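Q: I am new to this structure. Could you show me how to read its features one at a time?

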Amino acid sequence: MIYNHHKPRGKLVKARYQYRFYPTPQQQQSLAQLFGCVRVVYNDALAICKQSEKLPKNSELQKLVITQAKKTDERSWLSDVSVTPLQQSVADLGVAYKNFFDFLKGKRKGKKAGTPRFKKKTSKQGARFTLNSFSIKGTFVYLAKIGNVKPIWSRRLPSSPSSVTVIKDCEDRYFLSFVVEIEPIHIDAKNQSIGIDLGIQTFAVMSNGDKAASPDYSKKDRKIRKLQRKLARQQKGSQRRERTRIRIANRHNQIADTRKDFLHKLSTKVVSENQTIVLEDLNVSGMVKNRKLARAISLQGWREFRVLCEAKCEKFSRDFRVINRWEPTSQTCSCCGYRWGKIDLSVRSVLCLNCNTEHDRDDNASRNIEMVGMGHRHDLKRTGSDHKTTKSS
Ligand SMILES: [Zn+2]
C-alpha cells in the first residue's frame with residue numbers, strides 16, 4: 001500500500017473510522033502484553049515528569065523509559081513488543097501536558113483539561129501504530145508483532161490511514177480506530193446564512209422561520225425521579241437497591257441517546273443547508289447556576305449543539321460565527337432596527353411601534369443574530385420603553 005500519495009488540494013480534516021475485530025486467543029495474549037507495556041512506559045514517563053522541575057523533552061523521555069529501560073532487568077520485556085506504540089504512548093503524555101498548560105493559560109476553548117494521570121489496568125486500553133508498524137493487506141490489517149487481524153469493514157476507508165489505534169474497551173471488545181485525512185466535503189449550501197436562537201421553550205428558532213422542538217424527556221425524567229425516591233428508601237448494599245441503581249442508569253442513557261440523536265440530526269441539517277451559521281454566545285455555566293433553568297438546559301444540551309455545529313462546519317467548509325451575548329438581539333426590531341429595550345422572558349411577542357410589525361420573540365432574535373453575525377449592524381433609531389407587548393404562553 002502506498003501512503004500519502006495524493007497531494008492535498010486544500011485544508012484537510014482528520015476523521016476517525018472505527019471497526020470491531022475479534023483477535024485469536026494468541027493475539028489477545030500479545031495485545032494484553034502490548035497494552036501493559038504501553039501503560040508502564042506512560043506511567044514511568046509521567047513519574048519522571050512529576051519529579052522534574054522542568055518538563056523533559058519527548059526525546060529525552062523516550063530514551064529514559066524505552067531505550068534505556070529495555071537494558072534493565074525490570075523492564076527487559078519491553079523488547080518483546082513493537083516499539084512504535086511505546087513511542088506513541090510517550091508522545092500522548094506530551095499532548096496531555098500541552099492540553100493542560102493550554103487550559104491553564106486559557107488558550108484551550110471548551111474542553112477542560114486536568115493534570116495527566118497514571119493509567120490504570122482496569123480502564124479502556126489502547127495502543128497506537130503508525131506508518132511503519134502497520135499495513136492493510138486486502139481485508140487484513142497487519143500489526144507489528146501481533147500479526148494479521150481481520151476487522152469487520154462496516155464502511156469503506158476513504159483514504160490511506162496515517163495511524164491505527166487498537167482499543168480494548170471495558171466490556172472486552174476490540175476495535176481498530178483509523179485516523180484518515182479527508183478533504184472537507186464540498187456541497188454548495190442552499191442558503192447564504194442562518195441565525196439560530198437557542199431557547200428553553202423551543203430548542204432552536206431559525207431565522208428562516210424553522211423551529212426545532214426538543215424531544216420530550218418529561219416522561220423518562222419523572223420515571224427517574226420516582227426511581228430515585230425508591231432508591232433512597234432501599235437498604236444500602238441490597239440486591240434490590242443495586243437493581244434500581246442499574247435501572248436509573250439505563251433511563252439516563254436512554255435520555256442521552258435520544259438527545260445525541262436529536263442534536264446530530266439538527267446540526268447536520270443546519271450546516272448542510274447554510275454557508276454561514278451564526279449562534280449566540282450563551283453563558284451556559286452562568287445560567288445553570290439558576291436552579292429553575294438548570295434542568296431544562298442540561299437536558300437540552302446547548303453546548304453540545306454548538307460543539308457539533310462547529311465540527312460539522314469544518315467538515316463541510318462552512319463559516320461558523322458566534323456573536324456576543326450582549327448584543328441586544330431580543331431588544332431590537334429585526335425589520336426596522338428600532339430598539340424597544342429589555343422585555344421580560346414571559347413576553348413572547350412584540351409589536352414594533354416604529355414599523356408596526358408583530359414579532360415572535362425568538363423568531364425576531366434569530367433574525368437579529370443572523371444580521372449581527374453577517375456584519376449588518378443594528379440601525380439603532382431610538383431607544384425607549386414605549387413598546388406595546390402582547391402576552392401569550
Ligand atoms: Zn420595526
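Q: Which residues coordinate the zinc ion?
A: Donors are N, O and S atoms within 2.8 Å of the metal (3.2 Å for Na, K and Ca); water is not among the atoms, so sites may look incomplete. Here the SG atoms of Cys333, Cys336, Cys352 and Cys355 coordinate the zinc ion, at 2.2 to 2.4 Å. Their spacing in sequence is C-x2-C-x15-C-x2-C. Cys333 and Cys352 link distant parts of the chain, 19 residues apart. Cys333 sits in the loop between strand S12 (319–323) and strand S13 (349–351). Cys352 sits in the loop between S13 and strand S14 (358–360). Helices (H or I, at least four residues) and strands (E, at least two) are DSSP runs, numbered from the N terminus.

Q: Are Cys333 and Cys352 buried or exposed?
A: Buried means under 20%, exposed over 50%, and partly exposed in between, with a 1.4 Å probe and protein chains only. Both Cys333 and Cys352 are buried. Cys333 has a relative accessibility of 1%.

Q: How should I read the numbering and the limits of the model?
A: Residues are numbered from 1 along each chain as its sequence is written, and side-chain values use heavy atoms, with hydrogens and water left out. The model is predicted: local features need pLDDT of at least 70, side-chain atom pairs count only at pLDDT 80 or more, and totals for chains, interfaces and linings use all residues.

Q: How many disulfides does the structure hold?
A: A disulfide is a covalent bond between the sulfur atoms of two cysteines. The cut-off is a pair of cysteine sulfur atoms within 2.5 Å. This structure holds zero. Take Cys309: the closest cysteine sulfur, in Cys313, is 6.2 Å away, too far for a bond. Cys309 is buried, at 0% relative accessibility.

Q: How many salt bridges does the structure hold?
A: Side chains of opposite charge can pair when their charged atoms come close. The rule is a side-chain nitrogen of Lys or Arg within 4 Å of a carboxyl oxygen of Asp or Glu. The structure holds 13 salt bridges. One of them joins Arg128 and Asp92, at 2.7 Å from N to O. That pair links distant parts of the chain, 36 residues apart: Arg128 is in strand S2 (residues 125–130) and Asp92 in helix H3. Asp92 is partly exposed, at 31%.

Q: Which residue forms a salt bridge with Glu242?
A: The partner is Arg245, with the closest N and O atoms 2.8 Å apart. Glu242 is partly exposed at 36%, and Arg245 is partly exposed at 43%.

Q: Which residues form a nonpolar patch on the surface?
A: Patches are made of residues with over 30% relative accessible area and no salt bridge: like charges are joined within 9 Å, nonpolar side chains (Val, Leu, Ile, Met, Phe, Trp, Tyr) within 5 Å. Areas come from the Shrake-Rupley method with a 1.4 Å probe; for residues, only the protein chains shown count as cover. The patch here is formed by Leu55, Phe101 and Leu104, with about 270 Å² of accessible area together. Leu104 is in helix H3 (residues 83–104). Leu104 is exposed, at 56%. Leu55 lies in the loop between helix H1 (25–51) and helix H2 (58–70), and is partly exposed at 36%.
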